[in-house]
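Please look over the sequence and the model before reading on.

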Amino acid sequence: MSRHNFKRYRWFIPVLLLLTGLVFQVVTYVDKGAHQQITRKVSQSQTKLQTTQKKVDQTLADKQPHVSQATDKLNDLFTKDWTLASQEAFDGRAEAMNHLVTESVRKDSLDFKRDTDRLMTQTGMKLVFDHMVFLPEKADSQVVSGKALVYVKSNYPDKPEAMTRFIYQVSYSPKENLITLLDRQGSFELNSDSTGL
């Protein structure tokens with residue numbers, strides 16, 4: 001482009017910069033608006049999900065009170081079982097759970113065995129019970145039994161948080177108000193972003 005042509009179209013450069021800036025602002029505004037709309041929709045979906053879960057829990061409590069009692073008892077047990085901030089907490093967990101289970105569970109369940117390896121002291125690990133999903137297979141006034149999927153967050157020093165799912169075969173006696181079977185069948189480490197499970 002000759003000098004003469006450049007001078008002739010020099011006015012075009014500020015206009016081009018202005019137009020570029022306007023386009024950028026419009027795109028940013030549209031993107032921000034879309035993000036806010038998505039955030040609102042996610043929030044609304046979470047609220048609906050929580051409301052639905054409360055209704056399901058209430059229906060369950062009304063129609064199957066024994067399943068509701070078993071679920072409450074299992075949540076209490078797994079909170080004590082898997083919320084462990086130190087070796088002392090690990091060593092004391094059996095005593096904390098004793099009143100929730102029968103003698104046979106205390107004798108046979110892995111969760112009541114002593115930690116002779118001092119695992120938490122060696123690793124510096126901390127565990128937090130996240131949530132449980134109870135899948136009842138049988139429920140009547142004598143026994144409630146099924147599978148419990150227990151999700152536990154683990155924290156090691158200088159490592160990202162991880163989630164592990166433990167699978168238990170469990171049973172509960174409504175008459176005794178005690179857990180009568182606590183058989184840990186396996187565990188699976190999940191990705192650290194598996195929060196939706």
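## A question to begin with

Is Tyr168 buried or exposed? Tyr168 has a relative accessible area of 0%, so this residue is buried, a result that holds for the model shown here, which is a predicted one.

## The protein as a whole

The protein contains six helices and four strands, and, when the chain is read along its sequence, these elements follow the pattern α-α-α-α-α-α-β-β-β-β. Of the 197 residues in the protein, 28% are buried, and the accessible surface amounts to about 13500 Å², with 56% of that area belonging to carbon and sulfur atoms.

Contacts can also be sorted by how far apart the partners lie in sequence.

The four strands form an open sheet in the order E1-E2-E3-E4, and their pairing is antiparallel. Strands E1 and E4, the latter covering residues 178-190, are the edge strands, since each of them pairs on one side only. Neighbouring strands of this sheet are turned against each other by 20° on average when direction is ignored. In general, the strands of a sheet pair through backbone hydrogen bonds, and the pairing may be parallel or antiparallel.

How many of the twelve residues of strand E2 are buried? Strand E2, which spans residues 144-155, is mostly covered, with nine of its twelve residues buried.

On to the next pairing: E2 and E3 also run antiparallel, and eleven bridges join them, with Lys153 standing opposite Met163 in E3. These two strands form a hairpin with six residues between them, and in the turn Asp158 has a positive phi of about 60°.

## Helix H3 and the aromatic pairs

Helix H3 packs on the sheet and touches E1, E2, E3 and E4, and its direction makes about 155° with that of E1. A search of the whole structure finds two aromatic pairs. In one of them, the ring centres of Phe78 and Tyr168 are 4.8 Å apart and the ring planes stand at 50°, so this pair is tilted, given that planes under 30 degrees apart would count as stacked and those over 60 as edge-to-face. Because Phe78 lies in helix H3 (residues 65-82) and Tyr168 in strand E3 (residues 162-173), the pair ties together parts that are 90 residues apart in sequence. Phe78, with a relative accessibility of 0%, counts as buried, and Tyr168 is buried as well, again with a value of 0%.

Trp82 and Phe166 make an aromatic pair that is stacked, with 4.3 Å from centre to centre and 15° between the planes. Since Trp82 lies in helix H3 and Phe166 in strand E3, this pair ties together parts that are 84 residues apart in sequence. Both Trp82 and Phe166 are buried.

## Charged side chains over rings

Aromatic rings also take part in arrangements with charged residues. Arg93 lies over the face of Phe90, at 4.5 Å from the ring centre, and Lys159 lies over the face of Tyr156, at 5.8 Å from the ring centre.

## A buried loop residue

Where is the place of Leu100? Leu100 is found in the loop between helix H4 (87-97) and helix H5 (103-108). With a relative accessible area of 1%, Leu100 is buried, because a value under 20% is what buried means here.

Leaving aside residues up to four places away in sequence, Leu100 touches Lys73, Asp76, Leu77, Lys80, Leu178 and Ile179. Leu100 and Tyr172, which are 72 residues apart in sequence, are 9.9 Å apart in space, taken from C-alpha to C-alpha.

Note on methods: Residues are numbered from 1 along each chain as its sequence is written. This is a predicted model: local features need pLDDT of at least 70, side-chain atom pairs count only at pLDDT 80 or more; totals for chains, interfaces and linings use all residues. Side-chain values use heavy atoms; hydrogens and water are left out. Rings of Phe, Tyr and Trp (its six-membered ring) pair if their centres lie within 6.5 Å; planes under 30 degrees apart count as stacked, over 60 as edge-to-face and the rest as tilted. Buried means under 20% relative accessible area, exposed over 50%, partly exposed in between (1.4 Å probe, protein chains only). A charge sits over a ring if NZ of Lys or CZ of Arg is within 6 Å of the ring centre and within 35 degrees of the ring normal. Two strands pair if DSSP finds at least two bridges between them. Accessible areas come from the Shrake-Rupley method with a 1.4 Å probe; for residues, only the protein chains shown count as cover. Axes are lines fitted to C-alpha atoms, for helices over the stretch in contact, and angles run from 0 to 180 degrees between N-to-C directions. Contact means heavy atoms within 4.5 Å.
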